[in-house]
Amino acid sequence: MWLMKNYIKTDEWNIIEEGFDPHLNKISESIFSLGNGRMGQRANFEETYTGETLQGNYVAGVYYPDKTRVGWWKNGYPEYFAKVLNAANWIGIDIIIEGEPLDLNTCIVTDFRRVLNMRAGYLERSFTAELASGKKLKVNSLRFCSMADDEAGAIRYNITPLNFDSPITVIPFIDGDVKNQDANYDEKFWDEVQKSSFTDSAYLTLRTRKTGFEVCTGMKVTLSLDGATIPFESSSVERDKFTGLEIKQLVNTNQTLSVYKYAANLSSENHPEGNLLDACTKVVSYVTGKGFEKMLQEQAAAWAKKWEQGDIVIEGDPSAQQAIRFNIFQLNQTYTGEDSRLNIGPKGFTGEKYGGSTYWDTEAYCVPFYLATADPQVTRNLLIYRYNHLEKAIENAVKLGFTNGAALYPMVTMNGEECHNEWEITFEEIHRNGAIAFAIYNYIRYTGDESYLQEYGLEVLIGIARFWAQRVNWSANLNKYVMLGVTGPNEYENNVNNNWYTNTMAAWCLQYATDALELVKRNSAGQYDALINKTKLDVAGEVEEWQKIVANLYFPEDKDSGIYLQQDGYLDKEQVLVDDLRPEDRPLNQKWSWDRILRSCFIKQADVLQGLYFFEDQYDIETIRRNFDYYEPRTVHESSLSPCVHAILAARLGNLEKAYEFYLRTARLDLDDYNNDTEDGCHITSMAGTWMSVVEGFAGMRVQNGRLVFNPFLPGKWSSFSFKIGFRGVLLTVKVAKDKVYISNESAGSIDISVHGQSYTLSSNSNITAVNELKQ
Ligand code: BGC
């Protein structure tokens with residue numbers, strides 16, 4: 001759209017950059033990021049780099065409450081904006097040759113190649129450098145964050161002199177003297193607790209200010225020369241929050257010195273504070289004992305398992321193949337679902353924007369991906385995260401004047417407390433409460449695990465329903481309940497009345513909570529009674545009120561044109577279309593004043609359409625079409641979360657070309673730096689939307705009455721696409737070709753499905769071939 005970059009080489013399993021362009025470095029640092037759910041990092045160089053770089057290492061769950069910066073404080077503002085912390089840099093290995101540092105910013109770089117191997121989960125970089133003195137050397141580095149030992153990572157750094165014999169000084173280090181680029185007051189957030197170093201290892205423990213998290217980072221180094229392990233001496237290099245080992249080793253022309261660096265990051269979230277150093281020493285010794293090759297093999301095996309259930313294969317379009325794998329790879333690097341205290345920041349471990357906090361993105365966009373491609377426990381942990389924050393959500397609501405256990409979940413959070421930094425735009429997006437309830441429904445619809453309701457879900461639904469019941473008010477004027485002063489998903493208009501999406505969500509939540517109460521009462525009377533007792537729900541009175549609201553809530557609508565109005569007064573706006581905008585006016589958020597954006601009819605992201613996507617079954621196809629045809633030409637998609645919803649709806653409407661066009665807008669968003677912002681980090685949560693575009697859009701997959709239903713079509717450029725889906729204990733492979741759809745069941749159980757309206761039963765290890773013909 002704006003300035004699309006196109007320097008990543010096409011390859012089906014690898015992301016490849018060839019040639020070193022310092023202008024692209026920060027973009028590449030984001031794209032080639034590594035992570036294992038527990039920790040992650042940008043693709044910074046191991047050796048010194050004095051050029052433009054955003055150094056980033058992150059440990060999941062370790063954050064800092066950075067004091068909010070606002071011009072005029074108002075009651076209800078959160079005290080802080082949480083930030084996942086830029087943590088100790090454990091990848092650093094400085095190289096000095098007879099006084100000259102190796103620094104790609106100051107030497108001549110040739111044969112530069114950076115590869116992110118997505119099949120096996122590692123980052124490899126090679127280059128030849130010519131220093132000012134004329135000395136030439138070849139470097140090859142390979143590193144990964146281990147999926148098998150998720151507190152550990154390892155690096156193999158090979159140096160080969162090409163035209164000199166001399167001692168090379170190698171300084172592997174841990175540097176905790178780092179800060180967040182986006183710190184509100186330019187503060188540093190870490191204090192040193194201890195550091196220690198030995199001949200081949202070093203440890204540094206840091207503590208965060210205010211939150212008091214401790215993280216111990218350790219490293220152990222081994223060396224080999226042309227493949228044979230060699231002993232070495234070292235002297236320690238220490239400064240504040242920094243510990244390193246200086247090692248000198250003679251290396252002759254064409255010999256290869258390999259520096260192996262085994263590292264670990266342990267946080268006080270997972271280990272008792274007093275025991276961190278000891279525990280870190282053990283992890284470092286354990287992985288060093290395993291050795292690099294074994295760790296690498298285990299890494300490949302762990303990734304093979306992820307690909308087994310999560311891969312999408314696209315035939316006939318290598319660039320699309322690369323893109324979809326990149327999206328799936330990054331999502332799996334960000335969240336592995338083993339720890340219900342963790343969640344998915346919009347930038348994952350690839351940058352600092354959005355503070356690494358949890359947004360509605362998780363429930364609205366990421367849940368479908370993890371439901372289909374991972375064990376149900378992974379999504380369950382995402383739901384439990386919110387369950388564990390229920391008390392805080394109730395406190396958040398109390399701060400705003402709500403009572404009686406009403407829960408308002410935060411729009412931006414680390415630990416359940418609201419920590420957004422904008423009132424009208426972010427805070428007023430109370431629709432997030434609806435997405436959280438919808439995710440419970442979605443999880444149960446997909447897995448059939450109704451027990452989740454009585455164990456956890458219903459309590460959350462009651463809190464959310466109570467919030468909506470108090471948030472609406474009776475309008476004597478309209479003779480209806482109304483909801484005033486909200487911001488819908490479209491952030492380009494704030495503090496609106498009766499946002500159709502929010503009202504729809506509210507009514508749905510109230511109804512779902514009512515139905516869930518009935519269900520739990522039927523399924524588990526004991527748990528039902530306990531819950532009523534715990535929440536002090538006045539079943540007759542409160543539920544009756546919920547039902548009154550459901551029956552009498554106001555939904556803005558234009559009866560003449562048959563469209564739902566995004567909010568009251570939307571039609572008063574000058575109705576122009578995105579096509580009427582001059583290219584130089586876009587993106588609006590960079591070119592127009594905020595005032596002008598707020599007054600315009602332009603929509604940032606799916607809003608009414610987001611509701612039609614969630615509740616597709618409740619609307620006839622013509623209603624969806626009318627609204628799509630109305631809103632799509634007014635939407636600028638300046639949130640990366642927008643195109644996927646449009647792709648899915650366009651596919652549902654049979655507008656296959658449009659569906660593909662929207663899919664293209666997110667599939668390579670980061671790889672081609674489509675929005676000119678990849679250097680800040682990758683759009684991790686919208687990557688789940690790309691997956692949705694393929695599976696829910698092109699394959700038309702839905703869960704209806706506990707059954708998987710497919711209405712696929714094949715994008716014209718592709719010769720076929722296939723994907724794996726885990727559903728209720730069964731693993732299916734679905735392959736969509738031009739005229740045929742092939743589905744195989746590789747598991748022990750049997751499953752009923754439908755393809756283009758035709759029902760099939762797939763027993764264990766069987767397959768079917770269906771005609772691929774899209775009916776509307
Ligand atoms: C979008 C929000 C989203 C946030 C984080 C914003 O630009 O408008 O819907 O939650 O980014 O991804």
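This is a predicted model: local features need pLDDT of at least 70, side-chain atom pairs count only at pLDDT 80 or more; totals for chains, interfaces and linings use all residues.
I started with glutamate 269, which sits in the loop between strand E19 (257-267) and helix H2 (276-290).

Buried or exposed, or in between? I looked up glutamate 269 for that. Its relative accessibility is 33%, so I put it down as partly exposed, since that class lies between the 20% and 50% cut-offs.

Next I checked what glutamate 269 touches. Setting aside neighbours within four places in sequence, I found contacts with Gly61, Phe213 and Arg341. Phenylalanine 213 is 56 residues away along the chain, yet the C-alpha atoms of the pair are separated by 7.2 Å.

**The sheet**

I then traced an open sheet of four strands, in the order E2-E3-E4-E5, with antiparallel pairing. Strand E2 (34-35) and E5 are the edges, each pairing on one side only. Strands pair through backbone hydrogen bonds, either parallel or antiparallel.

How many bridges join E4 to E5? I got six, with strand E4 (residues 57-67) running antiparallel to E5. For one partner, I followed tyrosine 63 across and landed on valine 84 in E5.

**Helix H11**

Helix H11 (residues 500-523) has 24 residues, which at 1.5 Å a residue should span 34 Å; the end C-alpha atoms are 34 Å apart, so the two agree. I also looked at burial: H11 is mostly covered, with 18 of its 24 residues buried.

**Largest pocket**

I put the volume of the largest pocket at about 1000 Å³. It is lined by 40 residues, and the closest to its centre are Lys353, Tyr354, Glu491, Lys604 and Glu638. Which elements give two or more residues to this lining? I listed strand E5 (80-86), helix H8 (423-427), helix H14 (588-591) and helix H20 (684-698).

**Second largest pocket**

Here I noted about 490 Å³ of space. Of the 19 lining residues, Ala302, Lys305, Lys306, Ala374 and Asp375 lie nearest the centre. Helix H3 (292-310) and helix H5 (361-373) each supply at least two lining residues. Which element gives the most to this lining? I have H3 down for that, with five residues.

Note on methods:
Residues are numbered from 1 along each chain as its sequence is written. Side-chain values use heavy atoms; hydrogens and water are left out. On a 1 Å grid over the protein atoms alone, a cavity is a set of points where a 1.4 Å probe fits but cannot get out, and a pocket is an open set with protein on both sides within 12 Å along at least five of seven lines; lining residues have an atom within 4 Å of a point. Grid points are joined across faces, edges and corners, and a volume is the space filled by probe spheres set on the points. The expected span of a helix is 1.5 Å times one less than its number of residues. Buried means under 20% relative accessible area, exposed over 50%, partly exposed in between (1.4 Å probe, protein chains only). Contact means heavy atoms within 4.5 Å. Two strands pair if DSSP finds at least two bridges between them.
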